[in-house]
Amino acid sequence: MADNTEQLRKQIEDQGNVVRQLKASKADKTQVDEGVALLLGLKDKLRIASGDSGTSKKDSKNGLTLKTPKGTKDYTAKEMSVRSEIFRTIVGVFERHGAVTIDTPVFELKEILTGKYGEDSKLIYDLKDQGGEECSLRYDLTVPFARHVAMNGIQSIKRYQIAKVYRRDQPAMTKGRMREFYQCDYDIAGSYDPMIPDAECVRVAVEILSKLDVGPFVIKLNHRKILDAIFEVSGVPEDKVRTISSAVDKLDKLPWAEVRKEMTEEKGLDGVVADRIGTYVKLSGGEELLERLQALPELMASTKAQQGVADMALFFTYARIYNILDRVSFDMSLARGLDYYTGIIYEAVLVEESQQPNNPQPTVAQTSSKKSKGEELDESQVRVGSIAAGGRYDELVGMFLASRRGAKGGKKTDVPCVGISFGVERIYSIVMNRMKEREIKANRTAVYVISVKDGLLEERMRIATELWDNGIAAEFAYKVKPRLQSQYNACDADVVPWAVLIGKDEVEQGVVLIKNMAEKVTGQERGVTVKRSEMVAELKKRLD
């Protein structure tokens, strides 16, 4: 990343010199404009590469700092075009699997969110008391969804939701880790036969990540009951299970020695117990790992382990039918630190081209074993981090239902749930980085109406109206007599594929010229002449 930004700065410096020389020599305005456009494009790339969310200028009069808060950013028109396409792709897959969408408030009662996120609860944004209610910004979309299901008495639903969430995390803008960001969630709530909806959630993830072309990825799998059984047979005290689970979850970023140190020195776990855990959590592979686990009598003596292994055997059966076996890895180090998971858990990560899904993945610590004090681990050497994650949470809705019953008592009820959440910011960082050398079209304009020599404003307006009425996205210059080259430049800037050109002769003859703007445009170049009455049909044929 550092090499890339330095190279961009050098290109900006060189292009700046070129522009200054063009202006000094009083070069043609078109040539100067092209040089300036190239310079601005390089600056935009540098801003994206360096993670700068905008300007940071002081208003001399008011003393305001014009910048976005740390961990947030503005998005340009072209960036939003890419993001919108990502959202359309994700929603398309969700809806193909029969999901409906809902919406929930951006903030919840603090008690709704409290105690659901383990050690990450410290990352929740609390709001000042307003009107006698303590509220917090939502940390994710899963807990609000569970509250929604419980509050409305829903027994079954397949839903998706795309919305912003907030975390008081240490941001890393270039890797898509922010304090305000979008999540795209897909959840299936209801009582169904084991592992059928769970396998479909992973299938949904494979479809989305493949369609977005994020690069080679693997979906790591584990089961909370197997993990709990490992802690149980290893001798982890009940009150330390969740904190030790959070430590295990760091094995994708830290070597075992550092995780063991955290367990023993920071969390007070006996070293012998930590070593027992290590013999299990270092295991990873594919379906064959089930046989290795079944051959461990101490582990399989646990009822939890038996249930977890049976679930995973079913999952692999369904994964084979769904054609996703080559995308998953059974990884015993995957823990997912959130408190509400009860069954299968999964996490999608990017991997190097040479790595295979069913082989253990190298960690950041293995690729960069030394780092200076205060320097952040460079995940870009291995992976951008988790780009999608989720799992089964069968008791979260029941927890809310029990709270609502309160002193009334009554029958204990649960609505089992399983789901997956996609980290759009990290996916966007990957996709944008791959697209930075390509032309990105910010708007949907398909046709630009151009006048040659004469202004012909009213005629341009009539043609644009006719195009709009027929469902064709069109624009024209907001000047009475625009220069021809400025109209061509507008087409180039917005990557408009077609133009309708008119002059006084064309208006008198009842014809228009249709020009393919993907070709190099010069002032003398003509288009294909068609009758005005055939203009719409001809354009639709070319746009299809």
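Me: How many of the 10 residues of helix α5 (residues 142-151) are buried?
Reply: This is a predicted model, in which local features need pLDDT of at least 70, side-chain atom pairs count only at pLDDT 80 or more, and totals for chains, interfaces and linings use all residues. Residues are numbered from 1 along each chain as its sequence is written; side-chain values use heavy atoms, leaving out hydrogens and water. Buried means under 20% relative accessible area, exposed over 50%, and partly exposed in between (1.4 Å probe, protein chains only), while helices (H or I, at least four residues) and strands (E, at least two) are DSSP runs numbered from the N terminus. Helix α5 is mostly covered, and its buried residues number nine.

Me: Which residue with positive phi follows α5?
Reply: The buried residues of α5 include T142, R147 and A150. After the helix comes a residue with phi near 65°, and that residue is G153.

Me: What is the phi of M195, a residue other than glycine?
Reply: M195 sits in the loop between β7 (180-189) and α6 (196-211). Its relative accessible area is 3%, so M195 is buried. Its phi is positive, near 70°.

Me: Is L456 buried or partly exposed?
Reply: L456 is not a glycine, yet its phi is positive, about 50°. It lies in the loop between β14 (447-451) and α17 (457-469). Its relative accessible area is 24%, so L456 counts as partly exposed.

Me: What is the relative accessible area of E347?
Reply: K220 is buried, because its relative accessibility is 4%. E347 is buried too. Its relative accessible area is 7%.

Me: Which helices do D228 and R242 tie together?
Reply: Their side chains meet in a salt bridge of 3.4 Å, N to O. D228 and R242 are 14 residues apart in sequence, so the pair ties together parts in helix α7 (residues 224-234) and helix α8 (residues 241-248).

Me: How many salt bridges does the rule count?
Reply: E458, E459, R462, E466 and R532 are linked in a network of salt bridges. The count by this rule comes to 24.

Me: Which residue joins its side chain to that of E538 in a polar contact?
Reply: E538 lies in helix α20 (residues 535-543). Its relative accessible area is 16%, so E538 is buried. A polar contact is a pair of N or O atoms within 3.5 Å; within protein, one must be able to donate a hydrogen and the other to accept it, and residues adjacent in sequence count only if both atoms are side-chain atoms. At 3.0 Å, the partner of E538 is R542.

Me: Which residue's backbone oxygen does the side chain of T68 reach?
Reply: T68 lies in the loop between β2 (65-66) and α3 (77-96). It is buried because its relative accessible area is 13%. At 3.2 Å, its side chain reaches the backbone oxygen of T72.

Me: How far apart in space are I324 and A199, C-alpha to C-alpha?
Reply: I324 is in the loop between α13 (303-321) and β10 (328-331). Its relative accessibility is 0%, so I324 counts as buried. I324 and A199 are 125 residues apart in sequence, and their C-alpha distance is 9.4 Å.

Me: How far apart in space are R168 and D126, C-alpha to C-alpha?
Reply: R168 lies in the loop between β6 (157-166) and β7. At 47% relative accessible area, it is partly exposed. R168 and D126 are 42 residues apart in sequence, and their C-alpha distance is 9.9 Å.

How values were computed:
Salt bridge = Lys/Arg side-chain N within 4 Å of Asp/Glu carboxyl O.
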